[in-house]
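This report covers pockets, aromatic pairs and sheet pairing. Please keep the sequence and the 3D view open while reading.

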Amino acid sequence: MKIYKAKDYEHLSQIAANILAAQVTLKPDSVLGLSTGQTPIGTYKKLVEKYKSGDLCFNKVVGINLDEYYGLGADNPQSYAYFMNNNLFNHVNINTENVHIPNGLSQDIFAECTRYDEVIAKNPIDIQLLGIGSNGHIGFNEPDAELKLNTHYITLAKATIDTNKRYFKNEYEVPKMAYTMGIKQIMHAKKILLLASGESKAEILRKAFKGSLTTNVPASLLQMHRNLIIVGDEAALKGVF
């Protein structure tokens, strides 16, 4: 486990972008596992800047996203496909056929999960970008007695809905279900890059990395990964590392 302590969110974003940029520079056809949410926005902004300055090329990169809300299409501003297009894909030279996100509009749940499993199997992930939920979820793998290994359809925990309702008019508009990459698929990434920003993440980081391994805190399983990188700002890491 490697820990990078950033001064603030801007510094965190720069460190994370440098790590991802180094991965792509050393292996231009890298498979990047990508995440959404507030935390990686700064990282994506820094990657776009590197691309626009001519320091980074995405034309051979493959992007595989962690998850997507069930019932939302790519044209919905609250969908994760829209988020990725708006924050990264529309601003760099990644090939659209190399972009993979679960289809939130698929009505055949089993077929969609199987399709995404095949995508991941054909494109082993070189580095997986993660955030950490307030309840310890990674992707949409919520705390439970047992965790699904592969792509699955999940009912979101109330804590997750409460956190995400800030992006919607009210909590009733927040989708209650989602497709998500499974815990085995996350753990099979060659590297994992976990980002954490803000004082609100300190307590869950303590539970995940100072406590026991437990499916009730899915992020705690990352302790077992052979190549885990954590980048956190001072507020998130205070009293943790």
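Which helices each supply at least two residues of the lining of the second largest pocket? They are α4 (109-122) and α6 (183-187). The model is predicted, so local features need pLDDT of at least 70 and side-chain atom pairs count only at pLDDT 80 or more, while totals for chains, interfaces and linings use all residues. Residues are numbered from 1 along each chain as its sequence is written, and side-chain values use heavy atoms, with hydrogens and water left out.

## Pockets

Rolling a probe the size of a water molecule over the atoms shows where empty space is left. The search runs on a 1 Å grid over the protein atoms alone. A cavity is a set of points where a 1.4 Å probe fits but cannot get out. A pocket is an open set with protein on both sides within 12 Å along at least five of seven lines. Lining residues have an atom within 4 Å of a point.

The largest pocket is lined by 39 residues. Nearest its centre lie T36, G37, Q38, N164 and Y167. The elements giving two or more residues to this lining are β4 (67-69), α3 (80-87) and α5 (158-164). Helices here are DSSP runs of H or I with at least four residues, strands are runs of E with at least two, and both are numbered from the N terminus. Helix α3 gives the largest share, five residues.

The second largest pocket is lined by D117, I120, A121, P124, I125, N150, K184, Q185, H188 and A189. Its largest share, three residues, comes from α4.

## Aromatic pairs

A pair of aromatic rings is described by the distance of the centres and the angle of the planes. Rings of Phe, Tyr and Trp (its six-membered ring) pair if their centres lie within 6.5 Å. Planes under 30 degrees apart count as stacked, over 60 as edge-to-face and the rest as tilted. The count comes to ten aromatic pairs. In one of them, the rings of F209 and F241 have centres 6.0 Å apart and planes at 50°, so the pair is tilted. This pair links distant parts of the chain, 32 residues apart: F209 is in helix α7 (residues 202-210), and F241 is in the segment after α8 (234-237).

Buried means under 20% relative accessible area, exposed over 50%, and partly exposed in between (1.4 Å probe, protein chains only). F209 counts as buried at 8%. F241 counts as partly exposed at 27%. Elsewhere, Y69, Y80, F140 and F168 form one aromatic cluster.

## The sheet

Two strands pair if DSSP finds at least two bridges between them. Seven strands form an open sheet with parallel pairing, in the order β1-β10-β9-β6-β2-β3-β5. β1 (2-6) and β5 (99-100) stand at the edges, each with a single partner strand, so one side of each is left without a neighbour in the sheet. β1 runs parallel to β10 (residues 228-233), joined by five bridges. There, K5 has G232 as its bridge partner.

Strand β2 (residues 31-34) pairs in the parallel sense with β3 (residues 62-65) over four bridges. It also pairs in the parallel sense with β6 (residues 127-130) over two bridges. G33 has I64 of β3 as its bridge partner, and G33 stands opposite Q128 in β6. In a regular strand the side chains alternate between the two faces of the sheet. In β2, V31 and G33 point one way, L32 and L34 the other way, and all are buried.

What kind of unit do β2, helix α2 (residues 41-52) and β3 make? They make a right-handed β-α-β unit. Right-handed means that, with the strands pointing away from the viewer, the path from the first strand over the helix to the second runs clockwise.

## Two buried residues

N87 is found in helix α3 and is buried at 18%. L156 is found in the loop between β7 (152-155) and α5 and is buried at 6%.
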